[in-house]
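Hi,

Here is the structure I promised to pass on. Have a look at it first, and my notes follow below.

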Amino acid sequence: AGISLYGSFIYGLDGDTLETPAAMLDFIRETGLDVPGINILRPTPGTRVFERLREEGRLLFDPRDITAFRYTFGQEMLYRPKNIDLEAFVESYSTLTRKIFTIKNSISRGLAAPSAKAAVMLFNMFYTHLYGLSRHDLKHQLAANRLENTILPYAE
């Protein structure tokens with residue numbers, strides 16, 4: 001029908017493991033999604049997920065500090081994943097986005113799109129840039145946490 005498909009994935013759900021990124025990558029490749037999006041779970045204040053993670057002591061910031069939660073594209077870590085060590089999680093997310101969001105893949109997805117090829121290609125190129133920034137931000141966040149020894153979950 002000439003419709004381009006955008007597939008949005010959330011990584012970091014409680015059932016996710018270090019095998020999850022490979023499954024996402026396989027799905028994206030097998031389905032030929034025109035624009036994939038890989039997002040880290042974001043426990044937004046006021047949601048049940050936020051409250052549950054707060055109660056479980058898995059938030060990495062003071063939930064009362066409204067400046068701690070950035071309402072941006074930023075993929076900063078706001079919580080400790082359930083089944084994956086924090087540093088291993090960041091590395092697996094970074095590896096996944098590094099494989100998906102390349103200039104070559106952006107061009108290929110744009111050229112393969114059923115319609116609006118230029119728009120699909122530009123969207124993919126934009127994501128290639130944004131996910132590069134998010135990998136940089138996550139690396140910086142982990143390094144800062146290591147230096148400050150604050151990688152522990154926030155305790156109320």
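**What turned up**

Phe-27 counts as partly exposed, at 42% relative accessibility (buried means under 20% relative accessible area, exposed over 50% and partly exposed in between, with a 1.4 Å probe and protein chains only). Before going on: this is a predicted model, where local features need pLDDT of at least 70, side-chain atom pairs count only at pLDDT 80 or more, and totals for chains, interfaces and linings use all residues. Residues are numbered from 1 along each chain as its sequence is written, and side-chain values use heavy atoms, leaving out hydrogens and water.

(Helices are DSSP runs of H or I with at least four residues, strands runs of E with at least two, numbered from the N terminus.) Strand 1 pairs with strand 2 (residues 35-40) in the parallel sense over six bridges; pairing takes at least two DSSP bridges.

Now the rings. The structure holds nine aromatic pairs (ring centres of Phe, Tyr or Trp, the last by its six-membered ring, within 6.5 Å; planes under 30 degrees apart are stacked, over 60 edge-to-face, the rest tilted). One of them joins Tyr-6 and Tyr-127 edge-to-face, 6.2 Å centre to centre with 70° between the planes. Tyr-6 lies in strand 1 and Tyr-127 in helix 5 (residues 117-148), so this pair ties together parts 121 residues apart in sequence. Ring pairs also link Tyr-6 and Tyr-127 with Phe-101, Phe-123 and Tyr-131 into a cluster.

Best wishes
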